[in-house]
Amino acid sequence: MLPRRGTDGAGPRREARPRPAGLLQFGHWWWALPGIVLVVAIHYVATVSGAFFAFTDWTGIGSFEWIGIDNFVDLLSDPKMVGALANTLFLAFGAVILSNIAGLLLALGLNRILKSRYILRALFFLPVILSPLATSYIWKFIFEYDGALNTILRAVGLDNVARAWLADPTLAIWVVLIVVVWQQTGFAMVIYMAGLASVPVEIEEAAAIDGASLFQRTWHVVIPAIRPAIAISTTLGLVNGLRIFDPILALTAGGPAGATETLATQVYKQAFGLSNFGYGAALALVLTAIILVFAIIQQRVTTGPSEK
């Protein structure tokens, strides 16, 4: 029997042999195995280990003893930790509200046909890709007593407004909030712009023909259409806000007088600064539980009832 020729008559056509499914599955899992091991080791094993040491008095070196929930009892009775929790919630909710409002307004403005919209998008997104620690040190130079902000205020005759922004226990937390909002607004803007891209233009045009104003079109047409984007942006913003660390470390290091201490900075100081690893692990476990609870609640609130 002669071999079958191809449609162009160039030569015999070879029929492809199907590969065994088992080899494909084996190869798939084999290549994924290093990544799976790395993720499990870094995230899950480290988390379980930290949760275990939260019930011990380990200092980070040497032996340890099982002390049960003593670390959690001390944590709840420590006024410093209560203040750190209050600062954590203030920064988290303040940052997520302000950054999402600013990000939405920027996305709505840059979603229109502007010749410079691509340049403006890159400029507003730039703080997201820059190092939070490095940019926070730049903001520290701006807000110092002899920094750029007070220099400008004195130059325009507003000497009475100039003050030690980072050394004032009342103002320092607001300075941290400003820096955090500046860093997170670009991220929210990108998420909202992706959501706005899925909103049909015809719906807005129909609402405009019916006499709806710009605000009415935005509130009743655009906002409901980008509800998934709102849920994603606020959830990620809340999670990032609850674990703010780099800006505080660079700007105030938790000061003055603990006015900007958060749970994240206390975890670092207790575990690595004071060699109280067990107490720091308990604090980290509490912070993880708080993030999980607020993320679930916020996701339920923003997504609304599930569609069937």
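**Entry 1: the fold**

I counted the secondary structure, and the chain has 13 helices and zero strands. I am working from a predicted model. Reading along the sequence, I wrote down α-α-α-α-α-α-α-α-α-α-α-α-α. Next I looked up how much of the chain is buried. The chain has 308 residues, and 34% of them are buried.

**Entry 2: the largest pocket**

How big is the volume of the largest pocket? I noted about 1000 Å³. Its lining holds 38 residues. I looked for those that lie nearest the centre, and found Arg243, Ile244, Phe245, Ala264 and Ile291.

The largest share belongs to α13, which brings eight residues.

I sorted the lining by residue type too. I got 24 nonpolar residues, twelve polar ones and two charged ones.

**Entry 3: the second largest pocket**

I moved on to the second largest pocket, and its volume is about 260 Å³. Here 14 residues form the lining. Closest to the centre I found Val96, Ile97, Asn100, Thr234 and Gln298.

Which elements give two or more residues to this lining? My list reads α3, α10 and α13. The most comes from α3, with six residues.

How many of the lining residues here are charged? I found no charged residues, against ten nonpolar and four polar.

Last, I left the pockets and checked the surface. I found a nonpolar patch of about 430 Å². Ile36, Val39, Val40, Tyr44 and Val45 make the patch.

Is Val39 buried, partly exposed or exposed? Its relative accessible area is 40%. Buried means under 20%, and exposed means over 50%. Val39 falls in between, so I wrote it down as partly exposed. A residue in a patch needs over 30% relative accessible area, and Val39 has 40%.

Note on methods
Residues numbered from 1 in each chain as written. Predicted model: local features only at pLDDT ≥ 70, side-chain atom pairs only at ≥ 80, totals over all residues. Heavy atoms only, no water. 1 Å grid on protein atoms, 1.4 Å probe; cavity = no way out; pocket = protein on both sides within 12 Å on 5 of 7 lines; lining within 4 Å. Points joined across faces, edges and corners; volume = space filled by probe spheres on them. Helix = DSSP H or I, 4+ residues; strand = E, 2+ residues; numbered from the N terminus. Nonpolar A, V, L, I, M, F, W, Y, C, P; charged D, E, K, R; others polar. Patch = residues over 30% accessible without salt bridge, like charges linked within 9 Å, V, L, I, M, F, W, Y side chains within 5 Å. Areas by Shrake-Rupley, 256 points an atom, 1.4 Å probe, with all protein chains shown as cover. Salt bridge = Lys/Arg side-chain N within 4 Å of Asp/Glu carboxyl O. Buried < 20%, exposed > 50% of the residue type's maximum accessible area, 1.4 Å probe, protein only.
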